[in-house]
Amino acid sequence: MAQNRSPYPLARVAATYRAGVTIEEFAAATGLHPELVRRYVTLGLLDPDTDLDGRLWFGTAQLMRVARIHRLRTGLGLNYAALGVVLDLLDRIEELEAALAGRHPRMPRR
């Protein structure tokens, strides 16, 4: 049976809870300037978590996303608009492959 989640929690979640690293830590880990990271967020290329104070927190999935962005920019020379389209298509392909794998576990992957 599914649990009903109340919009009014019975306990406060600590404001110090972190779901990743700060934008500065993320920029240092990826070798990007923090302003470029902010641009990627503004363009919708990265999707960090946001805390109650509006600070951005980046998880490991975002690190992999930056690596993909870098490969697409350097390997194919895609502009920001094209990056968004290609990233959306790649995400959709992954979702469809996961759904297909769940329905047909014995089907070999190409």
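The model is a predicted one, in which local features need pLDDT of at least 70 and side-chain atom pairs count only at pLDDT 80 or more, while totals for chains, interfaces and linings use all residues. Residues are numbered from 1 along each chain as its sequence is written, and side-chain values use heavy atoms, with hydrogens and water left out.

- The axes of helix 1 and helix 2 come within 9 Å and cross at roughly 105°. Axes are lines fitted to C-alpha atoms, for helices over the stretch in contact, and angles run from 0 to 180 degrees between N-to-C directions.
- Helix 1 and helix 2 are therefore roughly perpendicular to each other. Angles of 65 to 115 degrees count as roughly perpendicular, those under 35 as roughly parallel, those over 145 as roughly antiparallel and the rest as oblique.
- L32 lies in the loop between helix 1 and helix 2. Apart from neighbours within four places in sequence, L32 is in contact with A27, V37, Y40 and V66.
- Although L32 and V66 are 34 residues apart along the chain, their C-alpha atoms are separated by 9.3 Å.

**Overall plan and confidence**

- The protein chain contains four helices and two strands, and from the N terminus on its elements run α-α-β-β-α-α. Helices (H or I, at least four residues) and strands (E, at least two) are DSSP runs, numbered from the N terminus.
- The average pLDDT of the protein chain is 83, and 76% of the residues score at least 70; pLDDT is the predictor's confidence in each residue, from 0 to 100.
- Over residues 8–17 the pLDDT is below 50, and this stretch has zero contacts in the model beyond near neighbours in sequence. Where pLDDT is low, the predicted coordinates should not be read in detail.
- Of the 110 residues in the protein chain, 20% count as buried. Buried means under 20% relative accessible area, exposed over 50% and partly exposed in between (1.4 Å probe, protein chains only).
- The protein chain has an accessible surface of about 8,900 Å², of which 57% belongs to carbon and sulfur atoms. Such areas come from the Shrake-Rupley method with a 1.4 Å probe, and for residues only the protein chains shown count as cover.
- Among contacts in the protein chain with a separation of 6 or more, 41% are accounted for by residues 24 or more positions apart.

**The nonpolar core**

- The largest nonpolar core has 15 residues, of which V37, L46 and I69 touch the most other members. The elements that give two or more residues to this core are helix 1, helix 2 (34–42), helix 3 (60–76) and helix 4 (80–103).
- A nonpolar core is a set of buried Ala, Val, Leu, Ile, Met, Phe, Trp, Tyr and Cys residues joined through side-chain atoms within 4.5 Å.
- Not counting residues up to four places away in sequence, I69 touches Y40, L45, L46, L83 and L87.

- Q62 belongs to helix 3 and counts as buried because its relative accessibility is 12%. Beyond residues up to four places away in sequence, Q62 touches F26, L46, D47 and P48.
- L87 belongs to helix 4 and counts as buried, at 0% relative accessibility. Leaving aside neighbours within four places in sequence, L87 is in contact with L45, R65, R68, I69 and L72.
- L87 and L45 are 42 residues apart in sequence and 7.7 Å apart in space, C-alpha to C-alpha.
- D91 is found in helix 4 and is partly exposed, with a relative accessible area of 24%. Not counting residues up to four places away in sequence, D91 touches R65 and R68.

**The segment before helix 1**

- T22 is placed in the segment before helix 1 (23–30) and counts as buried because its relative accessibility is 18%.
- Residues touched by T22, not counting those up to four places away in sequence, are L56, W57 and F58.
- T22 and R55 are 33 residues apart in sequence and 7.8 Å apart in space, C-alpha to C-alpha.

Terms used. Contact = heavy atoms within 4.5 Å.
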